[in-house]
Amino acid sequence: MLASDLITRFEQFAPLSLKWDRDPSGLQIGDPKQPVKRVLVTLDVRPAVVDEAIRVGADMIFAHHPVMFRPTANLDYQDPQKAMYAKIAAHHILVYAAHTNLDSADNGMNDWLAAALNLQHVTGLVPGHRTEFVKLTVTVPTDQVEAVQEYLTARPQAHLNRYALNSGEQFSVNLPRPDLATAVAGINQFVTPGTWDYEALPLLTGGQTSSMGRIGELAQPMTVAEFALKCKQVFQLGGLRLISDQPDQLIQRVAVLGGDGGKFYQQALQKGAQVYVTGDVYYHTGHDMLAAGLSVVDPGHHIESICIPKLTALFDQWRLENEWALAVVPSKINTDPFTFI
């Protein structure tokens, strides 16, 4: 299979349109037309991870954090990170990163974190990209109906309406606007050109707004201190930071945003969060959180390593569904730079 096969399927799950401005999600290094046989799934692309990829024979690395956040002024191989780029190229390893698009995707990073905390009645926290929908109406000959129906109903979130006509049959389905061209091209694979027609009309209401972070309810109230200990156990941490002047307060409404989410604490407050779980909280922001009456659990950035088993399972599912000749290997390298002593 080609690397682009996995990339295309993944971007149906977490489209790049969901990524936030200036986030370099997507292809990092390599040619997507490159054949791949083994993909290594990781949180970070660090020198030890690249050595691991070489050791296990991976020709693709799929990461959450982009390997290239900022342009580099040179490729001086005395710098271990820059030498890593040379090693990636020398071993023909393709690198792809899914960052804020995975954070915002339904059933993506922040849903995984919310589920790990067993939150109930979960909704989005920070509104992001809004996807407009169109109504696609397709008229096809009767003898080619079944193939088109199967194709359209296989698309994510598709709800198909079907009508009989004298000259054939007609379907209507609501699709995200970015999927329209792909849907029309796909129908062309099943229907004889010139024998079918379609119309696409924009929907003035509805649409879908992605969100960064999640907010929900604990099954049972607990104190702030008890919840902090729960986070430590759930994410298997040696330590974490608790920002609270009321550790004995009973809480139930919890917001979570993986990675560096301190700047979004006001949105957590506006949605009624009593505790906010996020990493990399800045010192002065911590003071502001306390002054606002919000308790915060900072378990660090590395809790996003939950993506490794989740993506591995997802890729294995797609591998079986599509009969891909692909081995999926979860990274065993701990890339957390912090140790609690």
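Predicted model: local features only at pLDDT ≥ 70, side-chain atom pairs only at ≥ 80, totals over all residues.
Which residues in H2 meet which residues in H3?

## Helices H2 and H3

On the H2 side, the residues are Pro 47, Val 50, Asp 51 and Ile 54, and they meet Pro 80, Gln 81, Met 84, Lys 87 and Ile 88 in H3. Sorted by class, the contact between H2 and H3 has 6 nonpolar residues, 1 polar and 2 charged.

Now for the geometry. Two packed helices are described by the angle between their axes and by the distance between those axes. Helix H2 covers residues 47-56 and helix H3 covers residues 80-90; their axes come within 9 Å and cross at roughly 20°. Angles under 35 degrees count as roughly parallel, so H2 is roughly parallel to H3. As for handedness, H2 passes H3 in a left-handed crossing.

## Helices H1 and H11

Next up is helix H1, residues 3-13, whose axis comes within 12 Å of the H11 axis and crosses it at roughly 115°. Here the crossing of H1 past H11 is right-handed.

What touches what? From H1, Leu 6, Arg 9, Phe 10 and Phe 13 meet Leu 311, Leu 314, Phe 315 and Trp 318 of H11. The class count for this H1 and H11 contact is 7 nonpolar residues, 1 charged and no polar ones.

Is Glu 323 buried or exposed? Its relative accessibility is 72%, and over 50% counts as exposed, so Glu 323 is exposed.

Glu 323 and Met 60 are 263 residues apart along the chain, and their C-alpha atoms are separated by 18 Å.

Key. Residues numbered from 1 in each chain as written. Heavy atoms only, no water. Buried < 20%, exposed > 50% of the residue type's maximum accessible area, 1.4 Å probe, protein only. Axes fitted to C-alpha atoms, helices over the stretch in contact; angles between N-to-C directions. Helix = DSSP H or I, 4+ residues; strand = E, 2+ residues; numbered from the N terminus. Left-handed = near helix turned anticlockwise from the far one by under 90°. Contact = heavy atoms within 4.5 Å. Nonpolar A, V, L, I, M, F, W, Y, C, P; charged D, E, K, R; others polar. Parallel < 35°, antiparallel > 145°, perpendicular 65-115°, else oblique.
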